[in-house]
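Subject: Structure handover

Hi,

Please take over the structure below. My notes on one residue and on the cavities follow.

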Amino acid sequence: MRNTLVIAWRELEERRLVPVAAIAFALLPIVLAMIPGIGGKSPRDAITIGSVVLSICFTLGLAAILGVSIVGRDLSEGRMSFYFSRPVGAASIWAGKVMAAAILIALSFLLIGAPARFFGDAAWTQFWQLTQVLPSFAIGGTGGGIVLGTALVLFFVAHMLGTIVRSRSPLIVLDFVAAVMCGVAVPFLIRPLLAGWARGLAVALGTGLGCAFVIVLACAGAWQLAHGRTDRKRNHSALSQFLWSSMAIVLILGAAFVTWVVSAKPNDLNAAILGQRAPAGPWLVLMGRAANRGDYRAGFLVNSETGDFTRFD
């Protein structure tokens, strides 16, 4: 833990101008609102809107820049050997850098958004409700959590892309193929749930896959440093191996879950059951919610004499 804190502090010292820039951006809307013709009839609203827009753009831009550079710059400039020449583990290096990035991102967001919190109040809430964009937005509230969460994801994605592009390795072709395969696999997993009207399960599965992807990216950085160390191509190779093998496992688990959900049998129906018998013959249609499967609805064509059944969407 001590090594992690030392590395985080070192990163914060190297990027000490970031909070200074954030303060400058925080003052910018206030200065502009004082200029005749820019502030309009309501300088408070101009300050609020400008502050929030700048805080979001600056935060997301900073997250992307830090993601690309916080490890990549050390690799490009040959400074990563400085860390490995000391008794510091790869996990501590990665955790310290991520901690520093998280502090810079959150601090910048709060500093630039402070004027919106001070001047905005109900006016800003009404503005969001008027445009129907994030009605619950509030600095430090739900909207703030969404922005910071997006920034964190962007940081890890930028780190992944920066590592892949910076290595200049032919392995990038396999990364592209693997990414396309993962992107295609997700709709195929969700489609059977939507066919059973299981919107809640579909959202839960999509959210789970997204969270798993972020967790894998977060862990991939530590794995990358542990096995790639100071070489850019080895870093890329280690990152790709961990990332795509882990995502394959996640997708297999997701496929197993979907297979279990859609494997419901007529005996599993226990709620909202609807049935209709054919005018002639032993066949009947059964539909309803399956036990322990959330809002998934299954439909069957059942032979009442033999017990045979056919599942349909």
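Is R289 buried, partly exposed or exposed? R289 is partly exposed, at a relative accessible area of 31%. (Buried is under 20%, exposed over 50%, partly exposed in between, with a 1.4 Å probe and protein chains only.)

The model is predicted: local features need pLDDT of at least 70, side-chain atom pairs count only at pLDDT 80 or more, and totals for chains, interfaces and linings use all residues. Residues are numbered from 1 along each chain as its sequence is written, and side-chain values use heavy atoms, without hydrogens and water.

R289 sits in strand 2, residues 283-290. (Strands are DSSP E runs of at least two residues, helices H or I runs of at least four, numbered from the N terminus.) Its contacts (heavy atoms within 4.5 Å) include D268, N270, Y296 and R297, leaving out residues up to four places away in sequence.

Now the cavities. The whole structure has two of 30 Å³ or more. (A cavity is a set of points on a 1 Å grid over the protein atoms alone where a 1.4 Å probe fits but cannot get out; lining residues have an atom within 4 Å of a point. Volume is the space filled by probe spheres set on the points, joined across faces, edges and corners.)

- Helix 8 gives the most to its lining, five residues.
- Y296 and R297 are among its lining residues. Strand 3 gives the largest share, three residues.

Best wishes

Terms used. 1 Å grid on protein atoms, 1.4 Å probe; cavity = no way out; pocket = protein on both sides within 12 Å on 5 of 7 lines; lining within 4 Å.
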